[in-house]
Amino acid sequence: MPSPHLPVQPEAPRSPDPSAGDFITPELRLPAKASELQRAREYADQAAASFGFSEPERFQFAFAVNEAVTNAIRHGTADQAGTIGLRIAAHGDRLTVDVCDCGPFVDRAADEDEPMPDHGRGFDLMAKLMDEREVRAHPEGTTVRLGKRRRGMSDRAEGDGG
Amino acid sequence: MSPFSFICEDSSDDVAVIVADGYIDFDASPALKQNIVRQIDTGSRHLVIDLSAAVFIDSTAIGVLVGALKRVQQSSGSLAVVCTNENIRYIFEIAGLADMIPLHRSRDDALSALARAA
């Protein structure tokens, strides 16, 4: 099975504007192994740093990417080369990451009736840390898209109590 | 070099301290669970998981800690976590675990809390 084609942005396609700080990272094809998670986190952190996120935001972005990649490794399907795909794009005030694998989406959310579940928190944590979380099923497999918005100076000022 | 490591220390007859170093993720979680289970099976009712040297933790590791809490509670034991990393503490908070799994700023604080609970 060929590698899944990473989807274009959900909005009308537009080229990155380097003068505005836009960029798209080279696709990372990652062996679907737990030992490769550090590479995924470093890839995410480098992009987050280039985007200008604060240190906590960089951690949160890398955390969310780690969760999505972990899910793809645990529950997804690698391609013929045994890899899954990641790509990060910066457009305006938003940094997005697409994590792709070749299998159908498997919902492993925690049991809502279980007060202390041992598993299933990852998906919920992605939603809490990111401004966008979208799962796309397509013929080639599944893409999880996560996006985090850069807070403006006014947002940060409000958060700091002015 | 492995991005994570665990060291187990016996603090007293039924209190064990597990020191976790590095990136405690899906790759590390099985080893964390193994260390926890071994300590419980050899008689430790109270556990301190020291995350002072951890730089990252994910939901699989959090799941292991929740599982450990449930196991020690079955024998009227308790669990405490040492964590000074503000990013990791935030993850515990948004995961809704800050009340369930107490986070302490030092090992001494964690051990004192377990002694009060015993």
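A salt bridge here is a side-chain nitrogen of Lys or Arg within 4 Å of a carboxyl oxygen of Asp or Glu. The model is predicted, so local features need pLDDT of at least 70 and side-chain atom pairs pLDDT 80 or more, while totals for chains, interfaces and linings use all residues. Residues are numbered from 1 along each chain as its sequence is written, chains are lettered from A and ligands numbered from 1 in the order in which they are written, and side-chain values use heavy atoms, with hydrogens and water left out.

**View 1. A salt bridge joins Glu132(A) and Arg94(A).** The closest N and O atoms of the pair are 3.9 Å apart. Glu132(A) sits in strand 5 (residues 132-138) of chain A and Arg94(A) in strand 4 (residues 94-101), so the bridge ties together parts 38 residues apart in sequence. Strands are DSSP runs of E, at least two residues long; helices are runs of H or I, at least four; both are numbered from the N terminus. Glu132(A) is buried, at 16% relative accessible area. Arg94(A) is partly exposed, at 27%. Buried means under 20% relative accessible area, exposed over 50%, and partly exposed in between (1.4 Å probe, protein chains only).

**View 2. Thr83(A) meets Arg29(A).** Thr83(A) belongs to strand 3 (residues 83-91) of chain A. Its relative accessible area is 11%, so Thr83(A) is buried. The two side chains make a polar contact at 3.0 Å. Such a contact is a pair of N or O atoms within 3.5 Å; within protein, one must be able to donate a hydrogen and the other to accept it, and residues adjacent in sequence count only if both atoms are side-chain atoms. Leaving aside neighbours within four places in sequence, Thr83(A) also touches Leu30(A), Pro31(A), Ala32(A) and Ala78(A). Contact means heavy atoms within 4.5 Å.
Arg29(A) forms a salt bridge with Glu27(A), with closest N and O atoms 2.7 Å apart. Arg29(A) is partly exposed at 24%, and Glu27(A) is partly exposed at 31%.

**View 3. Helix 1 of chain A covers residues 37-51.** At 1.5 Å a residue, its 15 residues should span 21 Å, and the end C-alpha atoms are 21 Å apart, which agrees. The expected span is 1.5 Å times one less than the number of residues. Buried residues of the helix include Leu37(A), Tyr43(A) and Phe51(A). Arg41(A) is another buried residue there. Gly52(A) follows the helix, with a positive phi near 95°.

**View 4. Chain B meets chain A.** Each chain gives 25 residues to the contact. The chains bury about 2100 Å² between them, 65% of it on carbon and sulfur atoms. Buried area is the accessible area (1.4 Å probe) that two parts lose on being put together, summed over both. In chain B, Phe26(B), Phe56(B) and Asn87(B) lose the most area to chain A, together 27% of what that side buries. The rule finds 1 salt bridge across the interface. Arg41(A) and Asp25(B) meet in a salt bridge, N to O at 2.8 Å. Helix 2 of chain B gives the largest share of its side, 9 residues.

**View 5. Arg45(B) and Asp14(B) pair within chain B.** Their side chains meet in a salt bridge, N to O at 3.5 Å. The partners lie in loops, 31 residues apart. Arg45(B) is partly exposed at 30%, as is Asp14(B) at 22%.
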